[in-house]
Amino acid sequence: MAKVNPKLINELKELGAFDISACYSCGICTVTCPLVQEGHEFPRKIIRYAILGLEDKLVSSTEPWLCYYCGECTQSCPRGADPAGFMMATRRYLTTRYDQTGFSKRLYKSRFIEFISAALLFALTVSVIYLLHGPIVLSKVDLDSFLPTHLVELGDLVILVVLSGLLLANIYRMYRFTVSAKGIPFLVHIKEFIRTVVPHFLTQVRMLKCSRNTINWIMHVLIVYGYATIFILVVVFLPLFQTNIIYPIYNPVRLGGYLASAALIVGAGYGIYGRIRKNTLVRQYSHSTDWLFLTLLYLTIVSGILIDVFKYLNLPLETYVIYTIHLGFVTPLLVLEVPFAKWSHLAYRPLAIYFTRLNDIAKTKSEAHILVKVSN
């Protein structure tokens with residue numbers, strides 16, 4: 001018997017599904033959605049799970065991640081029930097369910113926890129730098145002396161290992177919740193992983209199936225690749241990136257940093273502008289965690305640019321101060337957003353496509369087996 005949670009719909013309303021009670025299940029949202037495929041119809045089915053309190057059904061669904069929040073369903077809803085906003089709220093709910101620590105749930109439901117967590121991580125980072133920094137050279141900019149690269153690399157490694165561990169644990173729980181496939185050969189798992197996760201992670205091309213999403217897709221790609229470039233420069237090429245050498249403008253490290261910063265400024269700026277102006281249907285409501293993510297990202301970018309500006313103007317003290325502040329913003333951006341909040345969707349979305357594919361293969365195989373038995 002299916003487990004019923006009568007408080008499920010209220011939990012989703014806390015996460016942004018305000019208007020879903022107006023739904024009377026006509027199914028127009030599902031008919032108009034350009035991303036619906038046979039066997040994976042949404043949002044109507046997912047809304048019914050929530051209204052009926054079918055928690056297990058909702059948690060085992062991959063469909064909320066197959067939605068790319070274009071708003072076509074909300075515009076066509078005759079009751080103004082905002083199914084697109086409901087799907088966004090459902091993704092927040094699922095993120096809290098995949099996280100075994102329970103911190104994601106607290107982060108999404110309490111602005112106080114959200115603010116104090118970011119503030120504490122900022123203060124902790126600044127305090128550690130204050131205690132561990134090297135000589136403060138004021139005759140010239142000397143970042144290597146102020147904060148030796150081996151200390152930054154050690155910090156990068158600690159954060160990378162901890163966050164990867166948390167995210168992988170969440171992904172494992174997502175797999176346990178959503179994948180019912182049995183008896184699929186290991187090689188099929190590998191082939192389907194390469195066919196689904198790799199291209200969708202790199203391109204998010206499914207987003208373009210909805211014509212409303214073209215601009216959003218461009219901005220999404222700018223943010224992802226801008227961030228990935230900075231990540232590679234900081235983690236892999238830190239000795240070249242954090243250096244006292246004044247590179248010429250055409251140097252790959254300097255040029256790559258500028259291009260990545262420009263991509264992030266445009267992408268994050270578009271997200272902030274749209275939310276302030278509420279200029280599209282899907283920007284009418286923003287959860288506080290959306291603002292936290294964009295604010296931390298923007299502050300990280302701006303402070304990162306200022307490091308370069310002060311360094312090239314040969315302002316030593318200003319460079320060291322802004323570098324400390326910059327790392328203070330980077331820590332909460334990574335620690336809060338990667339395993340517990342918005343940034344995690346970069347992993348969950350392509351994996352949901354992969355897990356859906358595994359379930360479909362198993363279902364097809366099972367149906368074929370039944371047909372063979374019947375024919376015999």
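**Cysteines**

I searched the whole structure for disulfides (a pair of cysteine sulfur atoms within 2.5 Å) and found zero. The model is a predicted one: local features need pLDDT of at least 70, side-chain atom pairs count only at pLDDT 80 or more, and totals for chains, interfaces and linings use all residues. Residues are numbered from 1 along each chain as its sequence is written, and side-chain values use heavy atoms, with hydrogens and water left out.

I then looked up Cys26. Cys26 counts as partly exposed because its relative accessibility is 39%; buried means under 20% relative accessible area, exposed over 50%, partly exposed in between, with a 1.4 Å probe and protein chains only. Cys73 is in no disulfide either; the sulfur of Cys67 is the nearest cysteine sulfur, at 6.2 Å. Cys73 has a relative accessible area of 9%, so I list Cys73 as buried.

**Salt bridges**

Next I went through the salt bridges (a side-chain nitrogen of Lys or Arg within 4 Å of a carboxyl oxygen of Asp or Glu). Side chains of opposite charge can pair when their charged atoms come close. The structure holds nine salt bridges.

I started with Asp290 and Arg92. Their closest N and O atoms are 3.1 Å apart. This pair links distant parts of the chain: Asp290 sits in helix α16 (residues 288–312) and Arg92 in helix α7 (residues 83–98), 198 residues apart. Helices here are DSSP runs of H or I, at least four residues, numbered from the N terminus. Asp290 is buried because its relative accessible area is 4%. Arg92 is buried too, with a relative accessible area of 3%.

Which other salt bridge does Asp290 form? I found one with Arg275, with the closest N and O atoms 4.0 Å apart. Here α16 is linked to α15, and the two residues are 15 apart in the chain. Both Asp290 and Arg275 are buried. I noted a network of salt bridges that links Arg92, Arg275, Asp290 and Lys342.

I also checked Glu192 and Arg357. Their side chains meet in a salt bridge, 3.1 Å from N to O. Glu192 lies in helix α12 (residues 186–203) and Arg357 in helix α18 (residues 345–375), 165 residues apart. Glu192 is buried at 5% relative accessibility, whereas Arg357 is partly exposed at 36%.

**Helix α15**

The 26 residues, 252–277, should span 38 Å; the end C-alpha atoms are 37 Å apart, so the two agree.

What caps the N-terminal end of α15? I found Asn251 there, with a side-chain oxygen 2.8 Å from the backbone nitrogen of Val253. Just after α15, Lys278 takes a positive phi of about 50 degrees.

**Nonpolar patch**

Last, I looked at a nonpolar surface patch of about 760 Å². Patch residues have over 30% relative accessible area and no salt bridge; nonpolar side chains (Val, Leu, Ile, Met, Phe, Trp, Tyr) are joined within 5 Å, like charges within 9 Å. I used areas from the Shrake-Rupley method with a 1.4 Å probe, where only the protein chains shown count as cover for residues. The patch is made by Phe186, Ile190, Phe193, Ile194, Val198, Phe201, Leu202 and Tyr225. Helix α12 gives the largest share, seven residues. I picked out Phe201, which is in α12. Phe201 counts as partly exposed because its relative accessibility is 42%.

Methods: Expected span 1.5 Å × (residues − 1). Polar contact = N/O pair within 3.5 Å; in protein donor to acceptor, adjacent residues only side chain to side chain.
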